[in-house]
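Open the model and keep the sequence beside it.

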Amino acid sequence: MSIQQGSAGGMPVLILKEGASQTKGRDAQKNNITAAKLIAEIVRTSLGPRGMDKMLVDTLGDVTITNDGATILKEIDVQHPAAKMMVEISKATDNEVGDGTTSVVVLAGALIEKAEELINKDVHPTIIVDGYRKSAAKTIEILNSIAQKIEGNEKGELSRVAMTSMQTKIVSREAEDLAKIVVNAALAVADKTDAGYRMDVDDIKVEKKAGGSIRDTKLIKGIVLDKEVVHGGMPKKIEKAKIALINAALEIEKTEFDAKINISSPDQMKMFLEEENKMLKSMVDKIVDAGANVVVCQKGIDDISQHYLAKAGILAVRRVKESDMGKMARATGARIVNNLDDLSAKDLGAAELVEERKVETDKWVFVEGCKHPKSVTILIRGGSQRVVDEADRSVHDALMVSKDVLEKPAIVAGGGAPEAYAASKLREWANTLSGREQLAAEKFAEALEVIPLALAENAGMDPIDTITELRSRQSKGAKWTGVDARNAKVADMSKLDVVEPLAVKEQIIKSATEAASMILRIDDVIASSKSGGGGPPMPPGGMGGMGGMDM
């Protein structure tokens, strides 16, 4: 449809091209709010230790089973523009702090729902947005005042945080074992600086293979390469390894241009081939002279080079990914060499053991026992591919929260305790505000309580009784009282070792508030048609309903 605008002369003026649709004012707001609320509704049931999992099947028939908010929203193909904004905040939270991806969407949905109540009472969205912004800043201030400061590298505290992040996942039974692995890995690669600790999650290589059970997951103080030894005649195991990392092909370079060689006798042919062999042998000799007994090559290794390496008793692996080469360098202390002429004994890395092992049906090379590895590997096992994938996501979350605590050593209890506490303090603060912003602050407090409410609902508890008991116990000074979803009761969460990084809570509040504010400020949606004059990309009736969501 073309949108027509009346003009003084009574002639219609076409502004938007054919096929474009426009939704204005209340209708636009309503559609966006409905879309955002529906997205929050999808993930709400997967919040907390009693949350349910979602099974997502893509167009190819691949199945993903998860209760990780970011993964759920990434896998469902969301079409509605306002709903896409909710997907973006879960992605941003996942990349920034790694945990709280479900909470952030649930909170944003609640903020939007509460704002809708005010809009229906004729409170202007801009006033609500201002009130929300002030409330978010106040909430972060409240959380900072109650957060418990800890020693960043305290193993016990890190384990508690890592375990909490895994309690809500499929791996919750093995959370304790996995938390130890995650914390040891995090502390191995963390660097101490003047300002505290720095950690790069990419220094921890996570390899996964179906088979065994989650309990068979282990930490390897070194690197696992998903490659096999290139030649059958090479040793499969080398102790006290001296490792050369080579970013050059152990092959004769082919010429770029066409070259012809005239050979008139068999002797000349033999000399030509022998010359090629000599060149390859001299390459291998350089490696042998440097004292290496393991070669990890980023490029190819010629058959003849393989033969000479095998003869010298050297274990070689080829076509290793660049990222793995970097991790090998950090783990073994080797230097990556681009030119074999530069290779010397001091460029070699060291490891107690390099061995080819069979993992399921594949042969992998394990580099173990590095002295002070700045890069390590977690090898995840599990009963089936789905379990391994979900364990991988859980370990990623646990690694990220360990990083959060290392870099910002402050924690709060979980189970909705900090949200409920901040809500009650916000209500007191709201009374000091004047005008309609006070209403927005009160709604913000109500929205915060949606987190403990959802935890209680998912645990089969009575939400109203739960929230009443929570408020009453917190008002008596038990600030860490939260929803113990495992035992379906209200309890002191810090005694149950349910703790979360302050950084995660801050990120959740910032992201949710920004997303809600952005959606609330929209009062006009113009959807242009696809090129070629096709129909509108939106569902019939402009942005109406959620018909445009492909799930």
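In which loop does Asp 122 lie? Asp 122 sits in the loop between helix H4 (101-120) and helix H5 (125-146). Helices (H or I, at least four residues) and strands (E, at least two) are DSSP runs, numbered from the N terminus. Phi of Asp 122 is near 70°, a positive value in a residue other than glycine. Most residues other than glycine have a negative phi. Asp 122 is exposed, with a relative accessible area of 56%. Here buried means under 20% relative accessible area, exposed over 50%, and partly exposed in between (1.4 Å probe, protein chains only).

Some ground rules come next. This is a predicted model, where local features need pLDDT of at least 70, side-chain atom pairs count only at pLDDT 80 or more, and totals for chains, interfaces and linings use all residues. Residues are numbered from 1 along each chain as its sequence is written, and side-chain values use heavy atoms, with hydrogens and water left out.

Now the whole protein. It holds 16 helices and 23 strands. Along its principal axes the C-alpha trace spans about 100 × 70 × 45 Å. Of the 551 residues, 53% are buried. Contact means heavy atoms within 4.5 Å. Among contacts between residues at least 6 apart in sequence, 73% join residues at least 24 apart.

Asp 497 is placed in the loop between strand S21 (489-492) and strand S22 (499-501). Asp 497 is partly exposed, with a relative accessible area of 39%.

Go back to H4 and look at its partner, helix H3 (residues 81-96). The axes of H3 and H4 come within 8 Å and cross at roughly 145°. Axes are lines fitted to C-alpha atoms, for helices over the stretch in contact, and angles run from 0 to 180 degrees between N-to-C directions. The crossing of H3 and H4 is right-handed. A crossing is left-handed if the near helix is turned anticlockwise from the far one by less than a right angle, and right-handed if clockwise. From H3, the contact uses Met 86, Ile 89, Ser 90, Thr 93 and Asp 94. They meet Thr 101, Val 104, Val 105, Ala 108, Gly 109 and Ile 112 in H4. By class, this contact of H3 with H4 has six nonpolar, four polar and one charged residues. Ala, Val, Leu, Ile, Met, Phe, Trp, Tyr, Cys and Pro count as nonpolar, Asp, Glu, Lys and Arg as charged, and the others, Gly among them, as polar. An α-helix has 3.6 residues a turn, so residues three or four places apart point the same way.

Next comes H5, which contains Ser 135. Ser 135 is buried, with a relative accessible area of 0%. Leaving out residues up to four places away in sequence, Ser 135 touches Leu 426, Trp 429, Ala 441 and Phe 444.

Helix H12 (residues 417-430) and helix H13 (residues 437-448) pack at an angle of about 165°, with their axes 8 Å apart. H12 and H13 are therefore roughly antiparallel to each other. Angles under 35 degrees count as roughly parallel, over 145 as roughly antiparallel, 65 to 115 as roughly perpendicular and the rest as oblique. H12 passes H13 in a left-handed crossing. On the H12 side, the contact includes Leu 426 and Trp 429. On the H13 side, Ala 441 and Phe 444 are among the contributors. The residues of this contact of H12 with H13 divide into nine nonpolar, one polar and four charged.

Move on along the chain. The axes of helix H14 (residues 450-458) and helix H15 (residues 463-475) come within 9 Å and cross at roughly 130°. That makes H14 oblique to H15. Their crossing is right-handed. Pro 452, Leu 453, Ala 456 and Glu 457 of H14 contact Pro 463, Thr 466, Ile 467 and Leu 470 of H15.

Finish with the covered helices. Helix H11 (residues 385-407) is mostly covered, with 18 of its 23 residues buried. The buried residues of H7 include Leu 178, Val 182 and Ala 186. H11 is among the elements that cover the buried residues of H7, as are helix H6 (155-167) and strand S18 (376-382).
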